[in-house]
Amino acid sequence: MKVDTMRFVDKYFGVPLCLIGTAFFKIFGRPKKNIKPKNILFIELSEMGSAILVDPAMQKAKKAFDADLFFLIFKKNKPSLQLLNTVDDKNIFTINADGIISLIKDTWKFLFWARKRKIDTCIDLELFSRYSGLLAGFAGADNIVAFNNFHGEGLYKGNMVTHKVVYNSHLHISKNFIAMVNALMSDKKELPYSKTKIDDSEIVLRKAEISEELKEKVAAKIQMIIPEYNGGGNKLILINPNASELLPQRRWDKNKYKDLINRILEEYKDVYVLITGAPNEKKEAEQLAHQCGDRCFSFAGAVKFSELIGLYELSKIMITNDSGPAHFAAVTSMPTIVIFGPETPALYSSLGKTRPVYANLACSPCVSAANHRKTPCKDNVCLQMITVDEVFNVFKEEYNG
């Protein structure tokens with residue numbers, strides 16, 4: 001299902017359904033006392049990167065309540081959860097959002113699945129999605145934690161929540177997620193919940209377990225493309241020039257990537273550049289590689305998602321648009337340089353070794369919770385202003401440092 005179609009369904013069907021759901025709970029009531037969480041369901045449907053960014057919050061919830069963790073996510077995004085394996089595979093429910101029929105079918109299945117597993121607490125991580133609000137509301141939980149707009153206009157998603165948390169647009173999203181767990185830890189009712197200070201130490205991300213076998217497997221795939229690669233002596237530079245269709249305005253110009261790659265190959269004679277991407281991005285990656293030096297190769301679709309962390313662990317550094325790979329790399333020791341435009345690193349910087357490049361224009365960030373991350377911009381000057389020289393200089397500092 002296309003992103004704009006999902007936004008349309010969420011607005012024009014979600015709003016009236018949330019209104020009906022609110023009336024239902026007002027008539028039949030909500031539990032008057034909060035219970036100690038035992039089975040906590042996290043809901044994050046559409047963002048693979050957020051499945052990484054929420055991990056510190058899940059770790060805190062698990063430790064604070066000694067609870068079993070569950071997760072609800074769109075089927076295509078599930079692999080991101082398996083990088084850290086914080087949630088057991090049997091506790092993950094996926095919804096197929098490829099079409100409206102499959103979406104409706106899996107929605108009903110989820111409601112039965114949640115009740116069968118006696119989910120007592122839902123943490124709705126989606127910012128202001130009506131669909132996720134309905135899923136949380138009817139999952140049968142006693143505690144429902146969600147962001148609330150309070151006196152802000154628009155963004156209506158009903159009133160089916162027991163713990164209303166302010167979404168703080170001046171706070172990194174991982175800290176916003178921590179605030180939701182803190183709401184459950186409060187020993188009194190609050191409005192809004194989570195009157196707590198969150199230290200940077202609380203959003204330190206765990207590292208993935210990467211076996212030598214996985215690294216050897218990835219190294220063998222690299223050697224099929226670069227016979228000279230010996231698994232250690234040569235240095236790999238990764239370039240990720242793509243971004244999801246959710247926000248294509250995040251893409252830095254391909255010609256600038258071409259010039260950047262050639263600059264890197266010219267100055268560093270002992271490195272190889274691999275252009276990464278999904279299998280459906282292979283053609284574009286090959287075209288870019290052909291425009292660069294003979295030590296640049298397309299690696300799009302060459303490894304499975306589960307093998308990405310092996311590739312990252314073998315590589316020296318990655319330069320990427322603001323997209324999922326920056327967050328996936330955060331669970332490894334590889335540093336990243338992330339080029340930001342329509343969004344801000346203040347809110348969405350990865351939790352790993354990262355260096356953001358950001359023009360910080362007056363119009364940026366132009367996507368937020370208030371507009372469901374949909375921008376009217378057709379001319380991403382915020383990225384066009386970022387020069388090859390600027391990114392190359394940052395690269396040299398990180399590479400040589």
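A salt bridge is counted here when a side-chain nitrogen of Lys or Arg lies within 4 Å of a carboxyl oxygen of Asp or Glu. The structure is a predicted model, in which local features need pLDDT of at least 70, side-chain atom pairs count only at pLDDT 80 or more, and totals for chains, interfaces and linings use all residues. Residues are numbered from 1 along each chain as its sequence is written, and side-chain values use heavy atoms, with hydrogens and water left out.

Side chains of opposite charge can pair when their charged atoms come close. Across the whole structure, 13 salt bridges were found. One of them joins Glu 397 to Arg 355, at 2.8 Å from N to O. This pair links distant parts of the chain, 42 residues apart: Glu 397 sits in helix 15 (residues 388-400) and Arg 355 in strand 12 (residues 354-358). Helices (H or I, at least four residues) and strands (E, at least two) are DSSP runs, numbered from the N terminus. Glu 397 is partly exposed, with a relative accessible area of 47%, and Arg 355, at 27%, is also partly exposed; buried means under 20%, exposed over 50%, and partly exposed in between (1.4 Å probe, protein chains only).

Another salt bridge pairs Lys 175 with Asp 200, whose closest N and O atoms are 2.5 Å apart. Here Lys 175 belongs to helix 7 (residues 173-185), while Asp 200 lies 25 residues away in the loop between helix 7 and helix 8 (212-225). Lys 175 is buried, at 11% relative accessible area, whereas Asp 200 is exposed, at 53%.
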